[in-house]
Amino acid sequence: MVLRRIRNMVVATVNDNLDKMENPLVMINQYLRDMEEELSKARHAVAQQEAIKADFERRLTYSQKMKKKRYDQAQIAVNSGEEDLARKALMEMKQYEEKVLQYEEIYEQSVAQLVELKEQLGKLEERIQALRDKRHTLVARANVVKAKEHMNASINRIDSNSSYREFQRLEARIMDMETKANVYTSYNFGGEQTSFTKLEHEEDVENELQKLKEVQKA
């Protein structure tokens, strides 16, 4: 008994999985879920790139600020006769100048990469939205198909049902009874009509006979 129950459960599970595999709506929903995951990953990549761009922008701004600051300090040191301090300030200014050039290039690259990622993200969002709209249409069409299949199955069940066949048999019997009743009615009406016609003829005969008698007397 236990083994049979387990077997039935396994068969039911397999059949359910097969139905899902063959069900286009299940496949469409799974496809959309996969696309939603890809969209989420794409949005995360764009957010990361925005963070990278913002970080290089901060580094660039800071390097530009420090370059100017060291230049101003070198000027102050020269005006004060502090040449060694001025040299140190100019050395650091050169280091920040190199960083400015480096961060400018990296920042421009990050901006271009961000623009490209956003374009791809926009296309992906449009495509997924089109698939969502398409899904609504397919669901509506699938519901119509299911409704037709259900109605056809119901009709087949009714046609094959013994109660319905008995209903048809009774209907045929009633129709036969109606036919017999109509024939009987027609027969009765015909008999009465024949009787009336016979009486009319007898009256005509008597009238003609009376006319002959009168002619004979004359």
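Visitor: How many helices and how many strands does the chain have?

Guide: This is a predicted model, in which local features need pLDDT of at least 70 and side-chain atom pairs count only at pLDDT 80 or more, while totals for chains, interfaces and linings use all residues. Residues are numbered from 1 along each chain as its sequence is written, and side-chain values use heavy atoms, with hydrogens and water left out. Helices (H or I, at least four residues) and strands (E, at least two) are DSSP runs, numbered from the N terminus. From that end the elements run α-α-α-α, and the count is four helices and zero strands.

Visitor: What distance does helix α2 reach from its first C-alpha to its last?

Guide: Helix α2 covers residues 24-79, which is 56 residues. The expected span of a helix is 1.5 Å times one less than its number of residues. For α2 the expected value is 82 Å, and the helix comes close to it, reaching 82 Å.

Visitor: Which residue takes a positive phi just after α2?

Guide: The place to look is just after the end of α2. The phi there is about 80°, and the residue is G81.

Visitor: What percentage of the residues in the chain is buried?

Guide: Buried means under 20% relative accessible area, exposed means over 50%, and partly exposed lies in between (1.4 Å probe, protein chains only). The chain has 218 residues, and the buried share of them is 12%.

Visitor: Which residues does A77 contact, leaving aside its neighbours within four places in sequence?

Guide: A77 lies in helix α2 and counts as buried, because its relative accessibility is 4%. Its C-alpha atom is separated by 9.8 Å from that of K88, eleven residues apart along the chain. Contact means heavy atoms within 4.5 Å. By that rule, the partners of A77 are E82, L85 and A86.

Visitor: Which residues make up the largest nonpolar core?

Guide: A nonpolar core is a set of buried Ala, Val, Leu, Ile, Met, Phe, Trp, Tyr and Cys residues joined through side-chain atoms within 4.5 Å. The largest one has six residues: M35, L39, V46, L114, L121 and I128.

Visitor: Is K53 buried or exposed?

Guide: K53 lies in helix α2. Beyond its neighbours within four places in sequence, K53 is in contact with Y107, S110, V111 and L114. Because its relative accessibility is 19%, K53 counts as buried.

Visitor: How many aromatic pairs does the structure hold, and how is the pair of F56 and Y103 classed?

Guide: Rings of Phe, Tyr and Trp (its six-membered ring) pair if their centres lie within 6.5 Å; planes under 30 degrees apart count as stacked, over 60 as edge-to-face and the rest as tilted. The structure holds two such pairs. F56 and Y103 are 6.4 Å apart centre to centre with 40° between the planes, and this pair is tilted.

Visitor: How many residues apart in sequence are the parts that F56 and Y103 tie together?

Guide: F56 lies in helix α2, whereas Y103 lies in helix α3 (residues 83-160). The pair therefore ties together parts whose separation in sequence is 47 residues.

Visitor: How is the pair of Y62 and Y96 classed?

Guide: The ring centres of Y62 and Y96 are 6.3 Å apart. Their planes stand at 75°, so the pair is edge-to-face.
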